[in-house]
Amino acid sequence: MPKGHAPRLIFWVAVLLFALAAALSLFYYLSPRATLRITTGPAMSPAQRTISTFIHVVSGTHPFLRVEEVPVADLSASSKALEDRKVNLAIVRTDVAPPSNGQTIAILRRDVVAIVLPHGSPIKDAAGLARKTIAVPEGALQTENQHALDDILAYFDVPAASVKRLVLPIGEIGPALRVGRAAAALAVGPIGPGQAVDVVSSIAKAMKSPPQLLPMDQADALVKRFPGFESVDIPEGAFKAHPPVPDDTVKGLAVTYRLVAPFSMLNVVAGAIGRSIFKTKAKLAALSPGGAQIEAPDLDAQNPLLPVHPGVAAYLASGDQSFFDSFQQYFYIIGIPLSLLGSLVAVLLGLWNNRRLVQDQNRIFRLLTLADEALTADSAGLERIETEFRELVADCVNKLADGEAAADQYPVSSLAIDHARRSIEWRKTQLRATPEALQSTRIA
């Protein structure tokens with residue numbers, strides 16, 4: 001490689017590597033930044049309050065993550081928004097039209113679906129609810145809760161139409177059971193503060209005795225038919241401490257509210273979201289009672305309806321190390337092609353410089369050839385040689401001025417131009433001389 005080309009090539013390679021490093025650094029710095037659209041669930045629902053609190057906490061603790069709320073009419077619309085790719089995250093209840101493309105980021109809450117009976121009720125199983133009236137708590141999710149009741153009745157071959165519903169404020173449910181307006185009450189809520197505890201308290205206060213829960217001994221089999229449910233053990237005193245309700249551990253059913261992402265979400269993004277939720281759980285619990293109910297999904301669940309997103313699974317399995325390893329994977333996936341691109345550009349730059357060097361050398365060689373041709377040319381030939389000489393000189397000057405010619409070739413080009421010019425001028429002088437003088441010059 002000519003002496004002057006090595007520094008030029010090194011300069012461009014250095015510039016390329018600097019640009020590559022800057023691009024990778026920028027990617028590293030900005031990669032956690034994302035704008036996420038999330039459904040809020042039905043207005044005034046517990047899930048909506050939890051998500052609103054989460055957005056508030058994330059805004060203060062994770063400046064690179066921006067979350068936009070997308071209101072929806074109900075839980076079915078929430079699932080549909082995720083399936084239609086109108087949102088990046090959705091609140092989903094497992095028994096209400098779960099999205100086909102959904103994967104779990106976090107479990108926001110787990111609600112027991114319980115049928116509460118007054119003390120001494122003759123109803124011993126779900127089949128005994130036929131032709132009875134059930135009190136349903138009034139609220140944002142009363143329709144979804146009644147659908148859950150319909151599924152339970154369907155499993156026990158009880159026609160849903162044979163069971164009347166009486167929608168009441170929670171405070172009126174106990175009195176309704178006391179006067180016989182209803183034989184049982186539906187309660188859907190967490191083990192802890194919530195609807196189930198409030199329904200039990202209303203009945204206990206009105207009836208002056210602790211109610212009981214209708215056992216679901218066939219819960220495991222029911223879950224296989226309706227996978228939106230989960231089989232759970234409801235511990236003694238879960239809904240009332242004294243006297244305890246239930247008075248012993250009983251088998252029950254539950255549904256979960258989940259924060260769900262599409263399976264197309266990048267693992268590093270899903271992992272970052274899960275990490276933000278689980279790391280800020282204490283703050284969420286301090287700001288909203290629902291925050292304490294957030295839990296990580298079970299990685300060992302067999303054939304779950306909404307499987308855990310791989311990015312969240314990797315984080316839960318290995319913690320922060322897994323999260324940063326996942327990020328590093330994307331870093332290298334982008335960095336390696338950029339490095340290869342940089343090498344290709346360096347090769348192309350070298351080929352371009354070599355092509356320019358060959359062109360410069362060809363011009364110098366042609367100038368030397370013209371000098372030799374001028375020594376023996378006649379008048380017409382010399383005129384043609386002089387025209388081409390001027391064109392070559394103009395081309396050399398223009399390319400040097402534009403930076404397209406190698407600067408280290410300038411001395412050689414200058415010598416070739418001077419040599420060709422002297423040969424042309426000498427031949428002109430010879431052709432102007434008299435034949436006698438020309439002959440004598442040739443003899444000499």
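Is Ala97 buried, partly exposed or exposed? In this predicted model, Ala97 is partly exposed, with a relative accessible area of 44%. That value falls between the cut-offs of under 20% for buried and over 50% for exposed. Ala97 sits in the loop that links β3 (90-93) to β4. Its phi is near 45°, a positive value in a residue other than glycine. Most residues other than glycine have a negative phi, and most peptide bonds are trans. Beyond residues up to four places away in sequence, Ala97 touches Ser76 and Ser79. The C-alpha atoms of Ala97 and Ala77 are separated by 8.9 Å, at a spacing of 20 residues along the chain.

A positive phi also occurs at Asp157, where the angle is near 60°. This residue, too, is not a glycine. Asp157 belongs to the loop between α4 (142-155) and β6 (164-168). Asp157 is exposed, because its relative accessible area of 67% is over the 50% cut-off.

A cis peptide bond joins Val245 to Pro246, with omega near -5°. Pro246 lies in the loop between β9 (230-234) and β10.

Val116 has Leu213 as its bridge partner in β8. In a regular strand the side chains alternate between the two faces of the sheet.

Helix packing was examined for α8 and α10. Two packed helices are described by the angle between their axes and the distance between the axes. The axes of α8 (residues 267-279) and α10 (residues 310-318) come within 7 Å. They cross at roughly 55°. The crossing of α8 past α10 is right-handed. On the α8 side, the contact is made by Asn267, Ala270, Gly271, Arg275, Phe278 and Lys279. On the α10 side, Pro310, Gly311, Val312, Tyr315 and Leu316 take part. By class, this contact has 6 nonpolar, 3 polar and 2 charged residues.

Lys428 lies in helix α13, which covers residues 410-432. How is a relative accessible area of 19% classed for Lys428, as buried or exposed? Lys428 is buried, because the cut-off is under 20%. Leaving aside neighbours within four places in sequence, Lys428 is in contact with Leu382 and Glu386.

Technical notes
Residues are numbered from 1 along each chain as its sequence is written. This is a predicted model: local features need pLDDT of at least 70, side-chain atom pairs count only at pLDDT 80 or more; totals for chains, interfaces and linings use all residues. Side-chain values use heavy atoms; hydrogens and water are left out. Axes are lines fitted to C-alpha atoms, for helices over the stretch in contact, and angles run from 0 to 180 degrees between N-to-C directions. Helices (H or I, at least four residues) and strands (E, at least two) are DSSP runs, numbered from the N terminus. A crossing is left-handed if the near helix is turned anticlockwise from the far one by less than a right angle, and right-handed if clockwise. Contact means heavy atoms within 4.5 Å. Ala, Val, Leu, Ile, Met, Phe, Trp, Tyr, Cys and Pro count as nonpolar, Asp, Glu, Lys and Arg as charged, and the others, Gly among them, as polar. Buried means under 20% relative accessible area, exposed over 50%, partly exposed in between (1.4 Å probe, protein chains only). Two strands pair if DSSP finds at least two bridges between them.
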